Amino acid sequence: MTKIRKAAVLACSFALGLGTVVTAQLPTAVRPMLVSDGHTRIADPKLDGGGAEATFHLAPAGAQLSARADVYGASGLVKTVWTGALSGTDAPTTVAWDGTDASGNFVDTGDYMLRVGANGGAGPVMNLPVSVVRIGVTEIEFQDSGTADNEWQMVYFKKNTQDGVFFATPAIHEYVNVKSGLEVSDLDLNDGTPRPAVAAHTATDEPVMDGFNYATDRYNYPVAYVAGSATRLEVTLGDGGTSASGAAMPSGYPVAGFDLRLVADFPVGTDFASGPITPGAAIAFDGPPTPRAVGRSQIDVSWRFEYAPSGSGAWSPVLGSSDTSHRLYTLLDAPKFKAGASGTQYVGPWVEVAENFASWGDQIGVDTSTSDGVVETFVKGFFGQNSGIPTAIEGVKYDTTVLGGDGGANHYFSAGSKNMDLSALLNAHAKGQFVNCSDCMGATTTGLSMLGVANIRPIRLGPMTLKAIWGIGSPAYTTTLWGFAHSFSYHHIVTRTNGIDVIDTCMQLDEDGTPGSIPGLPGWNVDRPWDGPDGYNFLSASNDVSKSLEQLPGLF
Amino acid sequence: MKKNAKMKALLGLAFLASLAGGAHAQVTFDEHVSSVRELYGVEQWSLGSLRDGLTLGELELPGLLGAELRLKDGLIERAFTPADAPKDAGSALIVQALVADSAEAAQDQLVLWLAGLTSPTAAPTDSEFGVDLGQAGYVGPSGSGPRAVSWVAFVQGNVAVRLLNADVEKHAALPLARLAAVVDAAVVARDPLATGQAVPKPEIATFGAAASVVAGRPAALAVAVVDPRGGAAAFDWKIAGEGQGYVELRDGAWKFFPTGVGPVTITLTAIGSTGTTATRSVEIDVAHD
């Protein structure tokens, strides 16, 4: 008997850290005893998989008991969560409470008691305190990492079908999931159920809309970082929730005697655990590194919480989590802007360009972790056709009468201002399916610069008596571009080596050894040397073509 | 007086001849523009009367429905869709215009449009398509149909206009030259300005905002614009600087929604009903929330 009593005392001592009471009320020879094997001390039932659990067993080995587990709140019984038979020879029993009452509604934050005891009266009783809290992430801001300038706000270019209306993703938080209108709290809906996480916004032309206006309360915009760089996040915690009755309720923490902390679990990279948290707090920390390739990927985060007796460092999980997923575009380097441009982001269709590039990268399969790979992917993706991608960007065609166009007019590039209407081009070629060389140059220079390729500049070429060319969107090589003639009054191409090598997304040259006649062998103009037998000057024209460097265009 | 088509064709042939000779011709953009001016005989174009502009936002074109007037890269622009087209159908026609302070400046705009042509020959004149537009007019015939037209551009006094067929394969029958004549007539319908009278512009009578705002909290903008003919002005907003944000009309009032910390310059361009513009800016500092 002494031994049994001593064992009971030891059991009490072990479990009291999690809060438990063990009683032995029957005659000593057969007196059953409930022994706690641990339980959830702090719970947020509104997290995915959230709630409270208690694990216990009956002792001694010969004891038997018909038992039940009930949850009690300030006003009495909330819910019976378990009934069953216990035997001293059974493995420990675990019961779970999902945080709802008998009607299935989530209970308010506050103090509860999970009581395990004999079913029907006399017998051992075990009271396990549970503090219900409301905790979660409402805002996430992606930031530069340390002193690096490696994170940027991306830009959409449409609003209700109209292009040229620009909206940069907010720098103060790319992810927002808060109340709107008459709603009571950020973390919950007005019926007391948790506010669902916001899925990543996958449209690449238009931001999240609330009627005619930009949405301000719920969105999950993509983030842009330099490829292969560190990330940094600042998250804001919700403050309070909404009860099932629709009333505001407090967060329910801090809980006396306990610390709470935030844990961010990443599929790759190091997880993060914060210090003690308070409702509404903002917490900044380093996230996982970005992929080395330029393109599109995803940052998945599982937001969890842990508690520990104050100062103990013995952390236990708050059951459940809330997960967010963020679309990530990686850039080769900092985006490049037109000289003199003011602002921290392109006023242009940045998300659309990044998504186009990512799509091309997926299809073409070139390593995009280098500038060479980025340029090659861009040229082949933009031009399409002979790269294996069926059509040119937006299905455009070279602006010649033979193909149905006209005399090669600018449709998207403004010769006067030297600005490019890339938004209209990417809005299903809103100013016409036909493009000329300046349109292609304007799109290529600004697009590659958005992706972080350095020193991208236009080159204006003088008159050209052409050899065989394959114009963008054309069905084949031609030596009669205009039907009656085969020459240019000027031509616009691109360079990143001040003209030593050139890039042309508007046409392909003929590499079959007889560049002046058809058929032709497609030759990509991906950093093609200007001079030499395989050079652009020789393969493109029968005259010696003059060239002059111009400045990177702007956008409108 | 208008340059006749025969003269232009001869100049075009001369241009081609310079190519055939392998001449190391114009290289820079300015030199290219000079050659284009020569090709089209711009010096022979007469200067038309100055008018207060083009009421493009109110313009009605037969069989077409116009969208709202916009400002794009300094030009006013309005898209039109066929009246019988489904709601989500794309535009069929885009009309761009510059209401300049002088006839010379309007002619410069027409030259810039013509300088964009990569074809070595001059574009055909408006008269070849049965219309007589302003002091100079040119047409971009399309290969999409026997009478299909991709663009028409002309200058009428101090107003330069370009009509673009937004989908010439789909809308090959769009009578662009006749529509251009309607636009030209709309310009001519405005009374010529008196000698020495400046082209009237809208006035931004009020434009103000708090000097400092907090990121995430919308701030009211005080805006009042006087249209030169008492019509309705349109608004174009640009945000520049280290900070970020956007401007929207909410509940009848313009508001700035700051979304990034730092100084911003909000530039308002008011587009008057006659197509002229006025611009003012305010500086605002966006503080951290």
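Modeller: A residue counts as buried under 20% relative accessible area, as exposed over 50%, and as partly exposed in between, with a 1.4 Å probe and protein chains only. By that definition A:A468, with a relative accessible area of 0%, is buried. Please note that this is a predicted model, in which local features need pLDDT of at least 70 and side-chain atom pairs count only at pLDDT 80 or more, while totals for chains, interfaces and linings use all residues. Residues are numbered from 1 along each chain as its sequence is written, chains are lettered from A and ligands numbered from 1 in the order in which they are written, and side-chain values use heavy atoms, with hydrogens and water left out.

Colleague: Where is A:A468 placed, and which residues is A:A468 in contact with?

Modeller: Helices (H or I, at least four residues) and strands (E, at least two) are DSSP runs, numbered from the N terminus. A:A468 sits in the loop between β31 (464–465) and β32 (469–471) of chain A. Contact means heavy atoms within 4.5 Å. Neighbours within four places in sequence aside, the contacts of A:A468 include A:Y477, A:H486, A:L509 and A:I518.

Colleague: Is A:T109 buried or exposed, and what lies 2.8 Å from its side chain?

Modeller: A:T109 counts as buried, because its relative accessibility is 13%. A:T109 belongs to the loop between β6 (93–97) and β7 (110–118) of chain A. A polar atom of the A:T109 side chain lies 2.8 Å from the backbone oxygen of A:P250. Not counting residues up to four places away in sequence, A:T109 also touches, among others, A:V132, A:R134 and A:G252.

Colleague: How is a pair of aromatic rings described?

Modeller: One gives the distance of the centres and the angle of the planes. Rings of Phe, Tyr and Trp (its six-membered ring) pair if their centres lie within 6.5 Å; planes under 30 degrees apart count as stacked, over 60 as edge-to-face and the rest as tilted. Over all chains, the structure holds 26 aromatic pairs. The rings of A:Y219 and A:Y221 have centres 4.7 Å apart and planes at 25°, so this pair is stacked. A:Y219 is buried at 4% relative accessible area, and A:Y221 is buried at 0%. In contrast, the rings of A:W360 and A:F378 have centres 5.4 Å apart and planes at 90°, so that pair is edge-to-face. A:W360 lies in helix α2 (residues 350–364) of chain A and A:F378 in helix α3 (residues 371–383) of chain A, 18 residues apart.

Colleague: Which residues form one aromatic cluster?

Modeller: The cluster is formed by A:Y156, A:F167, A:Y214, A:Y219, A:Y221, B:Y246 and B:F257.

Colleague: How many helices and strands are there in chain B?

Modeller: Chain B has four helices and 16 strands. Of its 289 residues, 53% are buried. Among contacts in chain B between residues at least 6 apart in sequence, 59% join residues at least 24 apart.

Key: A polar contact is a pair of N or O atoms within 3.5 Å; within protein, one must be able to donate a hydrogen and the other to accept it, and residues adjacent in sequence count only if both atoms are side-chain atoms.
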